[in-house]
Amino acid sequence: MALPQAPTVFTVAPKFYKSGYVTFTWSGAVAGDYPIAKYEIQYSSASDSRFDWDGWNSAEMIRTTNTYGTETSAMVNKIKLGCYTRYRVRTVDSMNNASAYKEADGYVQYGDPPPTAPTVFTAAPAEFSSGDVTLTWSGAKANAGSMAGYEFQYATSANGTAWGAWQAITYKTMSVLSGTYKTNKVNAAIGGYTRYQIRAKDSGSRYSDYAVSNSVKTVAPPLVAPTFNAPVTGGLTYNPRPRGLITLNCPVHELASGGNTASSTAGLTTGKKVVLRRTTALPNFSPTYSMNALVKDSTGNLTSAGVSYGYYKTAFADDAIIARETSISNRHIAQVRAAINDVLAYYGLPEKTWTLHVDTGSATVARWQEVVLEMRGAVQDIINLVNGWDTASTTHRITQPSWLAMDEHTPSAAVINQLRDIIIEL
């Protein structure tokens, strides 16, 4: 004997029910040896979204001989407050032979409908190198109550096809139905991809479905030459292996510093400060040397920056001070002061206006301890600048001098020679 067959399609609407009616729609039922007499509908409930369904209960008996149809029914007593309800149907013929059950797609939830997700959700720019990604959305709708905010998530991919799990970005309280939000959550790997999703939340703490954005590809940033902070153009140094201070203006894969070595070779991000130092000693005194810094990105593109400077013999290079033989005079003090100001200018620091006047026509150095302390202070300014430039590295730092003690009355050759020696190392 041929039994009847259940509908192949069975739906129930609306998905969210507060009052009124639900509508059953079915099609595709087939009669067996006897004509169709009716359709039996049952329901089952779950108390929360864990969907621990209870048993099936009789809900409705629809008497019709059609293989398809629509029935609107008052189901208030069959849907529980705060619960989820599912339905199933079977075909019964005139001899009470019944088909198997067909369960409806989805379920009915008692309560107000959630908000509608944005209908447009985009991420820009399509190719990202630095800064933020701007998320823009519109078309969201609060179907009950008012809009309360939006939840943002992101996922990354190495190839734009296989995506990782969604990760939280933030939840933003806002009542708008369209808007923008900036985020720095991106796949940092060059050639990687990032996509985003958003869902709306209303004042009743109901959430919409997610809307997913286009993907954003991470690309190498435009390569920008570094800035030379020192030496300043035309600056003078007395150091045969001079230092340079640079600031990177973009992320750099490699720093090839053209005849120099760098204090850091990793962490070369935008704003990174690096100390350069010449690898070999300058061969001759000249006003026309140059210092160059060449940067390279991960694809091999290159760009460079350079600055010209002069390397000079100090005025005291041929004027030796010999302990217990040379009397320290104002001329020696003036030479050291002039050299210190040259080096201050080389590093872009303001030249020192010395507090105590030195009369080079006089052999006597008045208040000599104060004069020396002031020169030491100016030298220390240079040391602090260089040693504090690249805080992540101690390479190319100037050795902090252990300043010699000063005799109370007599200018010391050792004290002045220490200053001279340090100037050549600055």
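**Note on strand pairing, salt bridges and helix packing**

1. Strand β16 and strand β17 (residues 211-212) form an antiparallel pair over 2 bridges, where pairing requires that DSSP finds at least two bridges between the strands. Helices (H or I, at least four residues) and strands (E, at least two) are DSSP runs, numbered from the N terminus. Opposite Ile198 stands Ala211 in β17.

2. On the source of these values: the model is predicted, local features need pLDDT of at least 70, side-chain atom pairs count only at pLDDT 80 or more, and totals for chains, interfaces and linings use all residues. Residues are numbered from 1 along each chain as its sequence is written, and side-chain values use heavy atoms, with hydrogens and water left out.

3. Strand β13 (residues 147-157) pairs with β16 in the antiparallel sense over 10 bridges, and Thr194 in β16 is the bridge partner of Thr156. With strand β18 (residues 216-218), β16 pairs in the antiparallel sense over 2 bridges; here Lys217 in β18 stands opposite Tyr193.

4. Strand β16 spans residues 193-202 and is mostly covered, with 8 of its 10 residues buried. Buried means under 20% relative accessible area, exposed means over 50%, and partly exposed lies in between (1.4 Å probe, protein chains only). Asp202 is buried at a relative accessible area of 0%. The side chain of Asp202 meets that of Arg206 in a salt bridge, at 2.9 Å from N to O. Arg206 counts as partly exposed, at 23% relative accessibility.

5. Side chains of opposite charge can pair when their charged atoms come close. A salt bridge here is a side-chain nitrogen of Lys or Arg within 4 Å of a carboxyl oxygen of Asp or Glu. The whole structure holds 10 salt bridges.

6. One of these joins Glu40 and Arg90, whose closest N and O atoms are 3.0 Å apart. The pair links distant parts of the chain: Glu40 lies in strand β4 (residues 36-46) and Arg90 in strand β7 (residues 84-93), 50 residues apart. Glu40 counts as buried at 12% relative accessibility, whereas Arg90 is partly exposed at 23%.

7. Another salt bridge is formed by Asp390 and Lys272, with the closest N and O atoms 2.8 Å apart. This pair also links distant parts of the chain, 118 residues apart: Asp390 is in the loop between α2 (368-387) and α3 (413-425), and Lys272 is in the loop between β23 (260-262) and β24 (273-278). Asp390 is buried at 2% relative accessibility, and Lys272 is buried with a relative accessible area of 13%.

8. Helices α2 and α3 pack at an angle of about 15 degrees, with their axes 11 Å apart. Axes are lines fitted to C-alpha atoms, for helices over the stretch in contact, and angles run from 0 to 180 degrees between N-to-C directions. The two helices α2 and α3 are therefore roughly parallel to each other (angles under 35 degrees count as roughly parallel, over 145 as roughly antiparallel, 65 to 115 as roughly perpendicular and the rest as oblique). The contact (heavy atoms within 4.5 Å) involves residues including Trp368 and Val372 of α2 and Val415 and Ile416 of α3.

9. Helix α1 (residues 330-346) packs with α3 at an angle of about 25 degrees, the axes being 10 Å apart. α1 and α3 are therefore roughly parallel to each other. Among the residues making the contact are His332 and Ile333 of α1 and Ile416 and Leu419 of α3.
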